[in-house]
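Subject: Structure handover

Hello,

Here is the structure for you to look at. My notes follow below it.

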Amino acid sequence: MKIQRMKLNTRFWKNLLVMSKSIICTFLGPFLQSCDRNRNGRIYPKQLIEREVKQFNSLIESREALGELNHPQERAEIDPREAAIRITYLQMDDKLAMGKALVLNTRNGKELQALLEGGCKMGVSSRGTGNLLEDNVVANDFHLITIDAVYLPSRTNLLYGRYV
C-alpha cells in the first residue's frame, strides 16, 4: 500500500494523507455547491445541502456511497454493477460540500480512468429527486441519492489525482 501526501491550495485539503491499494485515482474538491446558480441553472439552498450531506454520510460510513459513470437515464437508485467511484468523504465548508471519491477498479472505473488519461475533463454531479420552485430554486423535498462521475459537471473546479 502506497501513502502519498498531497498539498492543495485550499485550507480544507492541506496535508491530506491518501492511502491507496487498488485505487486508480481520486477526485478531490467541491462536490456540491449551495447558494449560487450552477451550470444546470439550479440554486440549492445552503440548509438543504447541509441536511443532505449529513444524511449522505451514513452511506459513506457503511461504504455504500457508490457513484456511476454518468447519471442513469431510467432509474434513480444506485446499481453497484455500474459503480465507477466510491465517495469516501463529504463535509460542508462554507457554501460548498467538499468531497473525496475513489475511482474503483471496475469496468466503469477503468472507462473513467481511460477518459482521464486521454485528457478528458471529468467531474462529479449529484443525483437526486425532488422539485423545483420559482427561479429554479431546488425545493425542500430534494433527496440526494448519490454523486456520479460525469462529463461536463454542473460544478467545474474539481481536482483529480492519479496514484500508482
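I start with the pocket. By class, the lining of the largest pocket has 14 nonpolar, 11 polar and 5 charged residues. Nonpolar here means Ala, Val, Leu, Ile, Met, Phe, Trp, Tyr, Cys and Pro; charged means Asp, Glu, Lys and Arg; the others, Gly among them, are polar.

A word on the source. This is a predicted model, where local features need pLDDT of at least 70 and side-chain atom pairs count only at pLDDT 80 or more, while totals for chains, interfaces and linings use all residues. Residues are numbered from 1 along each chain as its sequence is written, and side-chain values use heavy atoms, with hydrogens and water left out.

Back to the pocket. Its volume is about 500 Å³, taken as the space filled by probe spheres set on grid points joined across faces, edges and corners. A pocket is an open set of points on a 1 Å grid over the protein atoms alone, where a 1.4 Å probe fits, with protein on both sides within 12 Å along at least five of seven lines; lining residues have an atom within 4 Å of a point. The lining has 30 residues, and the closest to the pocket centre are Arg-42, Tyr-44, Ser-125, Ser-126 and Gly-128. Strand S7 gives the largest share of the lining, 6 residues. S3, H1, S7 and S8 each supply at least two.

Now the chain. It has 2 helices and 9 strands (DSSP runs numbered from the N terminus: helices are H or I, at least four residues; strands are E, at least two). The order is β-β-β-α-β-β-β-α-β-β-β. Of its 164 residues, 48% are buried (buried is under 20% relative accessible area, exposed over 50%, partly exposed in between, with a 1.4 Å probe and protein chains only).

Next, the rings. There is 1 aromatic pair. Tyr-44 sits in the loop between S3 and H1 and Phe-142 in the loop between S7 and S8, so the pair ties together parts 98 residues apart in sequence. Both Tyr-44 and Phe-142 are buried.

Last, Asp-36. It is in the loop between S3 and H1. Asp-36 is partly exposed, at 35% relative accessible area.

Best wishes

How values were computed
Phe/Tyr/Trp six-rings, centres within 6.5 Å; stacked < 30°, edge-to-face > 60°.
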